[in-house]
Amino acid sequence: MVLGLGVFGLLASIVYPVLRYLKPLGAGGQSDPVKLTKEEAAKLDREHSVVIRGGFGRVLIFEDGNQNLKALDARCTHEGCTVQFVPGDANIVCACHNGRFDLDGRNIAGPPPRPLAQHTVVREADGTIVVAPGRKATQV
Amino acid sequence: MNTVKEARTGIFGWIDRRYGIAPLVEYMRHKEVPVGAHSMVWYYLGGITLFFFSVQVVTGTLLLAYYEAGENTSYESIRFITTKVPFGWLVRSMHCWSAHLMIISLVIHMFSTMMLKAYRPPRELTWLSGFVLLSMALGFGFSGYLLPWNELSFFATVVGTDSMKAVPVVGGWLLQVLRGGGDVTIHTLYRFFALHVVVLPLLIVGIVSFHLVLIQRQGMAKPVAHEPTRRGLRFFPDFMLRDVLLWLVCLIVLASLAVFVPYGLGIPGFEWELGKKANALAPAYPGIKPEWYFLWIYQLLKEFPAHLFGLEGPEAAVGLVSVLMGLWAAMPWLDRKAQREERSPAFTDIGCAALLFLGDLTLKAWDIGGGGVHGAHVDAVASARMTAYWSLGLCFVSLLFRGFVLRQRFFVFTFCTALQIALHGLLGLHYLVAAAIALAVLPIAWYLDARRTPVAPAGEGHA
């Protein structure tokens, strides 16, 4: 019994530091607002959508049919592929497994189990576009 | 024994006096491979797999001479290897081809072991270590796939690692550890690189050695109810020389493929053109597919609805795959008849049904008949129908072969799998609804089969 506990303690003292070492630092991510660079803003103007990387993950920013800016988590809720905005279809599409979302991020077809998380996006007076993490997802 | 005594001079004698290897050599002299009515072909598959693994080690080491893991170097170094380094394209092509050929020979080896019931006592641990080796080979494929850091490998890794979160309790932690963060980044590549070139090779060498020691100790398995027609074939040198000859043939085939088809077959899951560099912010492109041996899981993920029995679709799909793999690993303990050295046609049929199930999902993943294998907009109904035609056609041919050539009489599992394919592909029922109906029909079909053949005639049916 004592020997067993000793062996367990020895193994735990080796395994635990290794596991802690492997767990990445700041795994929770940062939640500071992100400003679009000039290139990203230009791409948004040109293609009506752009994907940027914020501290809170990949974010899809696009203009809907009414020229309103919207921001959604760009990671498909099925298996995490980057989704894309298809202006003609008025849909957000994930090509990996044919998942489809509407422009509010609601999952409407295919295997995605949840809506895309919504983020807050604003165009400031000087034209700068700022994205902040938000959790206004709509359940289907 | 005289020969051994006589040989106790020279180098052999020098080693024997120090390490006492004479009994081991004597043991190997008497080792035999079973000969009988069954085909000998299946006994060579383990050796062929080992040969392709050796090619992997050699070509992988050569690739390491130029490969540099890093955000700005991984993709660039692979491009450098294939375009600038003399014969670099050949080394990479041989590495990729031998990886695929190794998986192919491994899968055939596993199914032939299953069909011959070679897993039965006393070889349970040989089966189990072989199953672990298959899992590790898939791990090699998965971790190596990311190393070129191109678009295809990036999204394949995103999808593959994301499945980890479906693991109960530790899924989230596992995902973080595997990716080195919340998302697939260059830190993921560093971890996969370490796995691919250090961790997995060390582990696999240990387990391969264990697997080989078991085979050498217990010998090759005989088929159930084996009746030898003459004495076995001597392992050394007769079988070994045949093995080496076959390895030479494999080398010629591998070299020919690497030279004449250097970037694979050009179909999703079987091509390794470098393509574009990975960009997490670019959308996944239509028709993106993982390696061919993961296609069945990829397709299964598509077949599951968003939610099922309170679970999210991917969780349910990964759960089902885990259960199926667990049952497969536990085969030696499930097959009670084989344990008693009796024929177990139900398990032979399970193996055939498994092939049909995997083949059907793989064909469907290629979207055949739905707009082509590279099609962006796939007609899912047309694809399901075309897949059903192919799967049922191949199933019919295999049933003819099994019935008339192998004289098998038990087809219950194959019938139910074919029924599921027909209900889904031809009648348009949802994949899981069709599967539920087929599962409900299974006990009825089994009962009717048992009534039809209350006692199997002696010698009928294959092991």
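Which residues does His97(A) touch, not counting residues up to four places away in sequence? To find out, open this predicted model and select His97(A), which lies in the loop between strand 6 and strand 7 of chain A. Its contacts within chain A are His78(A), Glu79(A), Gly110(A) and Pro111(A), and across to chain B they are Leu301(B) and Lys302(B). Is His97(A) buried or exposed? It is buried, because 23 other C-beta atoms lie within 10 Å, where 20 or more are required.

**The strands on either side of the loop**

Next, step back along the chain to strand 5 (residues 84–86) of chain A. Its partner is strand 6 (residues 91–94) of chain A, again in the antiparallel sense and over three bridges. Here Val86(A) stands opposite Asn91(A) in strand 6. This hairpin also has four residues between its strands, and Ala90(A) takes a positive phi near 55°.

**The contact between the chains**

Now select the residues at the contact of the two chains: 25 residues come from chain A and 30 residues from chain B. On the chain A side, strand 2 (49–54) and strand 3 (57–63) each supply at least two residues. Strand 2 of chain A gives the most, with three residues. Colouring the chain A side by class shows 13 nonpolar, eight polar and four charged residues.

**The nonpolar core**

Finally, turn to the largest nonpolar core, which has 120 residues. In soluble globular proteins, nonpolar side chains tend to be buried together. Select Leu60(A), Ile61(A) and Phe155(B), the residues with the most contacts inside this core. Helix 6 (residues 88–115) of chain B provides the largest share of the core, eleven residues. Domain 2 (40–301) and domain 3 (343–463) of chain B each contribute at least three residues to it.

Leaving aside residues up to four places away in sequence, Ile61(A) touches Leu44(A), Ser49(A), Val50(A), Ile52(A), Leu69(A), Ala71(A), Val121(A) and Val131(A).

Note on methods
Residues are numbered from 1 along each chain as its sequence is written. Chains are lettered from A and ligands numbered from 1 in the order in which they are written. This is a predicted model: local features need pLDDT of at least 70, side-chain atom pairs count only at pLDDT 80 or more; totals for chains, interfaces and linings use all residues. Two strands pair if DSSP finds at least two bridges between them. Two residues are in contact if their C-beta atoms, placed from the backbone, lie within 7 Å. Ala, Val, Leu, Ile, Met, Phe, Trp, Tyr, Cys and Pro count as nonpolar, Asp, Glu, Lys and Arg as charged, and the others, Gly among them, as polar. A residue is buried if 20 or more other C-beta atoms lie within 10 Å of its own, exposed if 12 or fewer, and partly exposed in between; C-beta atoms are placed from the backbone. A nonpolar core is a set of buried Ala, Val, Leu, Ile, Met, Phe, Trp, Tyr and Cys residues joined through C-beta atoms within 7 Å. Domain bounds come from an automatic or database domain assignment.
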